[in-house]
Amino acid sequence: MKAGAPAKRGSCHMFRHTAATLMLDGGADVRYVAEMLGYQKLETTMIYTRVSLTKLSAVHAACHPAEASRTVSP
């Protein structure tokens, strides 16, 4: 292995997928991410992105009725 080379192998696809996911996690609008990736349909963009467990947990805690009843004190 050459000095300065990444420890793991990657691909252009992995880079695109990771960049899109990080942008969405950071609050970017999915339409802007689609534009950046060069897609015309949002459905195509959704294939290359995923919801992080951290983001999913935060949305669940903020929106699910069972979570709301846990945070309300009598």
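1. Cysteines: a search of the whole structure turns up zero disulfides, a disulfide being a pair of cysteine sulfur atoms within 2.5 Å. C12 counts as exposed because its relative accessibility is 58%, and C63 counts as exposed because its value is 59%. Here buried means under 20% relative accessible area, exposed over 50%, and partly exposed in between, with a 1.4 Å probe and protein chains only.

2. What you are looking at: this is a predicted model, in which local features need pLDDT of at least 70 and side-chain atom pairs count only at pLDDT 80 or more, while totals for chains, interfaces and linings use all residues. Residues are numbered from 1 along each chain as its sequence is written, and side-chain values use heavy atoms, with hydrogens and water left out.

3. Confidence: pLDDT is the predictor's confidence in each residue, from 0 to 100. The protein chain has a mean pLDDT of 77, and 78% of its residues reach 70 or more. Confidence is highest in helix α2 (residues 30–37), at a mean of 88, and lowest in helix α5 (residues 65–71), at 68.

4. Helices (H or I, at least four residues) and strands (E, at least two) are DSSP runs, numbered from the N terminus.5. Burial and surface: of the 74 residues in the protein chain, buried ones make up 15%. The accessible surface of the chain comes to about 6300 Å², and 62% of that belongs to carbon and sulfur atoms. These areas come from the Shrake-Rupley method with a 1.4 Å probe; for residues, only the protein chains shown count as cover.

5. Helix α2: V33, A34 and L37 are the buried residues of α2. They line one face of the helix, because they fall within an arc of 100° when seen down the axis of α2. That arc is taken from the directions from the helix axis to the C-beta atoms. R31, Y32 and E35 are exposed on the other side of α2. The cover over the buried residues of α2 includes α1 (12–25) and α3 (42–47). Just after α2, G38 takes a positive phi of about 85°.

6. Contacts along the chain: contact means heavy atoms within 4.5 Å. Among contacts in the protein chain between residues at least 6 apart in sequence, 38% join residues at least 24 apart.

7. T54 is exposed, with a relative accessible area of 66%. T54 and D25 are 29 residues apart in sequence, and their C-alpha atoms are 8.9 Å apart in space.
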